[in-house]
Amino acid sequence: MSDYSSSIGIVGGGIAGLIAGCTLQEQGIKTVVFERSKSLNTDGAGISISPNGLRVLEKLKLKDHFKKTSYAPNNIVFHQNNREISNILSPNKFITSSRHNLLQHLYQKYIELGGEFLFGHEYKSLNQQELKVTFTNKKEYEVSHILACDGINSSIRDEFFPFSGSAIYSGYQAWRGIGKAKQSDAKFHFGKGKHIVSYPINNKGEVSFTAVVRNSSNTDGSWRIKGSKKELLNDFAEFDEDVFSMLNSSDEIFKWGIYVRPVLSSIYIKNITLLGDAAHPMVPFLGQGGCMALEDGYAFGMLVGAYSKDFSKTQAKYEKIRLKRKNMVQASSKTQGKIYHLDNPIVIFFRNFFLKYLPIVQMRMEKIWSYKIDEEIKNT
Ligand SMILES: Cc1cc2nc3c(=O)[nH]c(=O)nc-3n(C[C@H](O)[C@H](O)[C@H](O)COP(=O)(O)OP(=O)(O)OC[C@H]3O[C@@H](n4cnc5c(N)ncnc54)[C@H](O)[C@@H]3O)c2cc1C
């Protein structure tokens, strides 16, 4: 057994795990990340980080580097099928990139800060009292606290949070890929019961798209499989040539079943704290799951420093700060999904009318985007 009893053990090296690691390391608190994969995730998908998440990257001096290798759209343009309905000016407010690029920046920072990252460590079991964690590679470590950052299918959540409920298919399937297009805006295209969101991820003409369709059964029963272009283009046949050529130019397309889990009433127990998707997975219609993971990791890390490693006090305050916020964003994301996937023509008419003439979208987004996690930590 390896003695890491002065380090916090972080299970899962995704967004939540890495940002928690960076925040803790920056305050001189030792951490070790256990990641099951053999290398950083390279799935061909984009991610948009809104101002609330960017504030966290700025605090860790990561934002400028991330921005240089990413893109910052000036406009968000909404279309009904192929016709423009409204255009929201949003200069430089959010950054769009590939998930891999974001993870690389977080990983490099974490290593620079002296963090230890162990690939090929898939969680197997945990002795909660003695804080000994074992992996399928038969290695065992003693740590000072466990951060469960192992995503929506969190084994730690399953094992230690009795009423956590298993993942449930949300009724939506998402096609994701990275294509080529001359595009400078973030674009939404609505169809009947489906929508496509696309945005540039860098200055090299690469555009990420997520094409979502409501489908009562996830026929493949899987989380993520390689999809066929033919099937994708069939599903979105009503959209125009530009959208088509961008979808068609993608080398690889993946089809994801979108899953959710029941809301938890508490996100910690003795010695274990849940972060990111392990704590609160949400449907992706406000692009907030990764941003919540950033806020969680930063909040937990700062609180451990503020309470001089008193984990009981840290956990209580972390939950107080995070639960209310996450429940609100989770519920708003669900509502947004319904708004995007309308199929009644009269209701669609009213949605488009409101989008065009009333600033409701901006108001909804501002409520989430204007959140300042550092002020919340100070003031709560
Ligand atoms: C279609 C779609 C579009 C999205 N778009 C956006 C967006 O634009 N903006 C945004 O903010 N969010 C977006 N999200 C949500 C975002 O991707 C997630 O919320 C985010 O990745 C959660 O980060 P995480 O670190 O909690 O979990 P994950 O990213 O899932 O990372 C978990 C890590 O834990 C590792 N792991 C899992 N099990 C084990 C184990 N047993 N042992 C060791 N390691 C393990 C995994 O390999 C992985 O590295 C989107 C999601 C979807 C599905």
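Guide: With 380 residues, a compact globule would have a radius of gyration near 21 Å, and the chain agrees because its own value is 21 Å; the radius is taken over C-alpha atoms, and the globule rule is 2.2 Å times the number of residues to the power 0.38. This is a predicted model, where local features need pLDDT of at least 70, side-chain atom pairs count only at pLDDT 80 or more, and totals for chains, interfaces and linings use all residues. Residues are numbered from 1 along each chain as its sequence is written.

Visitor: Okay, what about strand 14, is it mostly covered or open?

Guide: Mostly covered: six of its six residues, 186-191, are buried. Buried means 20 or more other C-beta atoms, placed from the backbone, lie within 10 Å of the residue's own. Strands here are DSSP runs of E, at least two residues, numbered from the N terminus.

Visitor: Which residues point which way?

Guide: Ala186, Phe188 and Phe190 go one way, Lys187, His189 and Gly191 the other. In a regular strand the side chains alternate between the two faces of the sheet.

Visitor: And which strands does strand 14 pair with?

Guide: Strand 5 (residues 75-80) pairs with strand 14 in the parallel sense over five bridges, with valine 77 partnered to lysine 187. Strand 15 (residues 194-200) runs antiparallel to strand 14, also joined by five bridges. Pairing takes at least two DSSP bridges.

Visitor: What's in the turn between strand 14 and strand 15?

Guide: Two residues separate them in a hairpin, and glycine 193 in the turn has a positive phi of about 70 degrees.

Technical notes:
A residue is buried if 20 or more other C-beta atoms lie within 10 Å of its own, exposed if 12 or fewer, and partly exposed in between; C-beta atoms are placed from the backbone. Helices (H or I, at least four residues) and strands (E, at least two) are DSSP runs, numbered from the N terminus.
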